[in-house]
Amino acid sequence: MHHFALNGGALHAEDVPLKTIAEAVGTPVYVYSAATLRRHADALTRAFAPHEATLGQPLVAFAVKAASNVSVLRVLARSGLGADTVSEGEIRRALAAGVPAERIVFSGVGKTDAELAFAVGLGLRQINVESTVEMERLAAVAGRAGRVPDVAVRVNPKIGAGGHAKITTGGEGDKFGVPVEEALDLYRRFGRDPRLNLVGLACHIGSQITELGPLRAAFGVLAAMTRTLRAEGLDVPRLDLGGGLGVAYAGDDPTAPLAEYAAMVAETVGGLGVALTLEPGRLIAANAAVLLARVIQVTERGDGRRILVLDAAMNDLLRPALYDAFHDLVPVAPREGEALPHDVVGPVCETGDTFARDRPLAPLQAGDLVAFTGAGAYGATMASEYNSRPLVPEVLVDGSRWAAVRKRPTYEDMLAREPAPDWL
Ligand code: LLP
């Protein structure tokens with residue numbers, strides 16, 4: 001569910017016409033709905049409410065990489081969400097948004113010593129360690145700092161899942177997590193190390209997962225490991241179940257219903273009495289933003305092909321180029337007329353800068369506004385300035401209020417970041 005809808009023949013974000021935003025800020029621009037962000041956060045919390053007796057209240061740590069604008073994070077922080085982070089930059093964003101350190105998880109396959117020291121100094125909720133060598137580095141860093149961080153071991157359960165090979169993370173050949181046997185040994189080895197406080201296990205097996213089977217199997221692996229370690233007298237008070245739940249990008253896409261997800265979590269790990277962390281990104285943010293763009297021109301080729309050229313490009317929304325991802329394209333002021341197939345492209349000089357091929361679209365003209373839906377997760381965060389196109393701005397709408405929460409850099413801003421050395 002989201003809050004982008006036609007009202008009087010014009011597409012709105014909550015109470016604000018997208019046309020108003022396009023005229024004030026220009027296009028392309030990401031437009032987020034605060035009400036949608038809140039609704040998604042609440043939906044997940046509500047899905048777990050019936051299981052409170054067995055599961056407690058999970059910490060929902062929003063995966064900052066999905067949508068890292070500080071104002072977006074602030075909306076989620078006010079809804080009680082924590083943050084799952086993968087860099088010092090993301091930790092700083094979460095803190096700036098008002099997420100308390102004890103609700104911030106630090107994940108990631110390649111944390112530097114400096115980043116580990118930063119995290120240890122802050123006393124984050126936990127640091128998810130992804131390899132034996134990283135655990136050794138963290139122990140050394142913590143020893144030097146004289147602080148004992150809470151640490152979980154991210155397990156690679158050899159169960160990959162997800163909407164595309166490039167976003168599967170739990171498979172045997174993937175770079176993430178520690179294989180089960182090695183993870184058990186790691187836990188045994190560091191479980192009694194005074195420099196670290198091992199608090200549990202974590203996994204994240206992929207993204208845009210639309211069926212529960214692989215997640216169920218992975219959580220079963222974590223449950224079995226928990227029992228094994230406890231039988232040896234080690235404490236395993238927490239499990240971090242990662243993110244990965246898929247969303248509908250098209251009307252008929254399958255999704256994993258939240259109530260069934262929560263029931264499955266209760267079945268797999270409910271008896272263990274562990275404190276849970278969830279790390280959803282896409283589920284919270286994907287349908288909470290659109291990428292608003294303007295039609296530059298409609299090119300009609302001799303062979304009858306229609307090419308819709310937008311002022312948004314792959315540098316603004318990379319997912320179609322990188323993962324062949326589908327994003328619906330809707331007109332901001334729909335016209336009557338027969339839908340005809342269009343190739344939808346941006347101005348960047350690559351064939352990969354194609355958002356869709358043969359997409360049936362009602363008539364559009366130069367100057368029309370259009371919106372890519374489902375663009376709130378991994379949209380603005382993956383944008384770049386390729387082809388020297390200024391970084392796409394972001395707008396947050398809340399009811400009838402709205403504000404540009406990331407401004408479009410001017411060309412002067414862009415050039416000022418590149419000072420020429422005096423010897424050139
Ligand atoms: N936790 C960890 C450790 C992760 O690596 C990720 C995502 C998440 C949580 C959140 O996963 P989600 O709930 O959003 O599925 N750029 C890709 C998605 C990459 C996901 C990377 N890891 C895309 O646009 O589809």
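What distance separates the centres of domain 1 and domain 2, taken over C-alpha atoms? In this predicted model, the two centres lie 32 Å apart.

**Figure 1. Domain 1 and domain 2 of the predicted model.** Domain 1 is made of two segments, 4–31 and 286–416, whereas domain 2 covers 34–283. The boundary between them brings 22 residues of domain 1 into contact with 23 residues of domain 2. Together the two domains bury about 1,900 Å² between them, and 55% of this area is on carbon and sulfur atoms.

**Figure 2. The crossing of helix α2 with helix α10.** Helix α2 comprises residues 34–48 and helix α10 residues 258–269. Their axes come within 8 Å and cross at roughly 45°; α2 and α10 are therefore oblique to each other. The crossing in which α2 passes α10 is right-handed. On the α2 side, Ala-43, Leu-44, Ala-47 and Phe-48 take part in the contact, and they meet Leu-258, Ala-259, Tyr-261, Ala-262 and Val-265 of α10. Classified by residue type, this contact has nine nonpolar residues, with no polar and no charged ones.

**Figure 3. The pairing of helix α5 with helix α6.** Helix α5 spans residues 88–96, and helix α6 spans residues 113–122. The two axes come within 10 Å and cross at roughly 30°. Angles under 35 degrees count as roughly parallel, and α5 and α6 are therefore described in this way. Glu-88, Ile-91, Arg-92 and Leu-95 of α5 meet Glu-115, Phe-118 and Leu-122 of α6. By class, the contact between α5 and α6 has four nonpolar, no polar and three charged residues.

Terms used
Residues are numbered from 1 along each chain as its sequence is written. This is a predicted model: local features need pLDDT of at least 70, side-chain atom pairs count only at pLDDT 80 or more; totals for chains, interfaces and linings use all residues. Side-chain values use heavy atoms; hydrogens and water are left out. Axes are lines fitted to C-alpha atoms, for helices over the stretch in contact, and angles run from 0 to 180 degrees between N-to-C directions. Helices (H or I, at least four residues) and strands (E, at least two) are DSSP runs, numbered from the N terminus. Angles under 35 degrees count as roughly parallel, over 145 as roughly antiparallel, 65 to 115 as roughly perpendicular and the rest as oblique. A crossing is left-handed if the near helix is turned anticlockwise from the far one by less than a right angle, and right-handed if clockwise. Contact means heavy atoms within 4.5 Å. Ala, Val, Leu, Ile, Met, Phe, Trp, Tyr, Cys and Pro count as nonpolar, Asp, Glu, Lys and Arg as charged, and the others, Gly among them, as polar. Domain bounds come from an automatic or database domain assignment. Buried area is the accessible area (1.4 Å probe) that two parts lose on being put together, summed over both.
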